[in-house]
Amino acid sequence: MRPVSYKWIDNDGERATTRLYVKAAVGAGDFTNLQANLMACSNAALLYRAETKENAEATPGTPDTGNYSVIREALALEFRSVVTGLLYTYHVPAPDDAIIGVDDETVIATDTDLDGIPDVIQAAITAMTTNMTDPHGGALKFSRAFRSKTRFYKGS
Amino acid sequence: MGAANRLLLFVLDHKGQIGRLVVYVAAAVLDPSGAAVQAIKNAINALSEGVVTKEGITQQVAIESALAAVATGGHDDIDDRIRLTFRDGDGQYHRYEIPSPAMSNFDTTDTTVLGPATQVPTPPYFAVANSIETYCEAPSGAALSFVEATYYRRRGDIA
């Protein structure tokens, strides 16, 4: 089962979404058939399909407890796009005790190599900037980290 | 293909609440169990008291150019809908909507009623229903059987 969202647009520029669950075996030719039938049925244009592939962790481990160990607490990580210069902030929920000081509630700032990235998050930031992009595919550079609150903590 | 793919990570805390974190990865990254996603997952796990329980990659595939493909005519507003109803093998009902239905879906004598299967040519919503039966399934994985199609307007204020 793969969730697929089809995004439509009409002649007024208004948009709508048709969300389906396609079978695991559906391939490119099947999508072509499905989309051709959808397009023939509507006056609206079918802009794109957004297809989601999921991986559920078989053994995700057990969450720890600590000072900020609930979803609404967050470590905000700010990155700057090296292409557009725009800032993107990601909120990692339930930050680890070792990252945010209890007394001053800021990210522990020791930076041995003076590269602007605190030691306590150095490895994680390196992994993130290596593998993440901005929404347009541009590379990201770490900007700053600070304590925050998550805006989205409803999930399924 | 878009310039980047959306990666959704689910993070579970010790109270059983689930947080969602959305980031972007390169367009070539399509496998949620692949090395790039696992590196990001491991980074989040290192930063958080919670644990990442699920990762989902959403890829956008362009289909049509809006300016070239939008048609006009009766029922051309996005709030005009064909609602297709299916029943799955567990007895649950599932409804999918097609916006701005083409006039060829409607009865030749009454443009507020969907045409029957015996109409020539066959109204195109039947082909959509057949496609959904063939290529889609319920979220549970159960097969879908077409039940009925109805036309409706989501808001009553559209002329």
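I began in chain B, where seven bridges join strand S4 (residues 80–88) to S5(B), the two running antiparallel; strands here are DSSP runs (E, at least two residues) numbered from the N terminus, and two of them pair if DSSP finds at least two bridges between them. The model is a predicted one, in which local features need pLDDT of at least 70 and side-chain atom pairs count only at pLDDT 80 or more, while totals for chains, interfaces and linings use all residues. Residues are numbered from 1 along each chain as its sequence is written, chains are lettered from A in the order in which they are written, and side-chain values use heavy atoms, with hydrogens and water left out.

Next I followed Arg83(B), whose bridge partner in S5(B) is Glu97(B). The side chains of Glu97(B) and Arg83(B) also meet in a salt bridge at 3.3 Å, N to O (a side-chain nitrogen of Lys or Arg within 4 Å of a carboxyl oxygen of Asp or Glu). Glu97(B) is buried at 18% relative accessible area, whereas Arg83(B), at 27%, is partly exposed (buried means under 20%, exposed over 50%, partly exposed in between, with a 1.4 Å probe and protein chains only).

Finally I noted that Arg153(B) forms a salt bridge with Asp80(B), the closest N and O atoms being 2.7 Å apart. Arg153(B) lies in S6 and Asp80(B) in S4 of chain B, so the pair ties together parts 73 residues apart in sequence.

Key: Helices (H or I, at least four residues) and strands (E, at least two) are DSSP runs, numbered from the N terminus.
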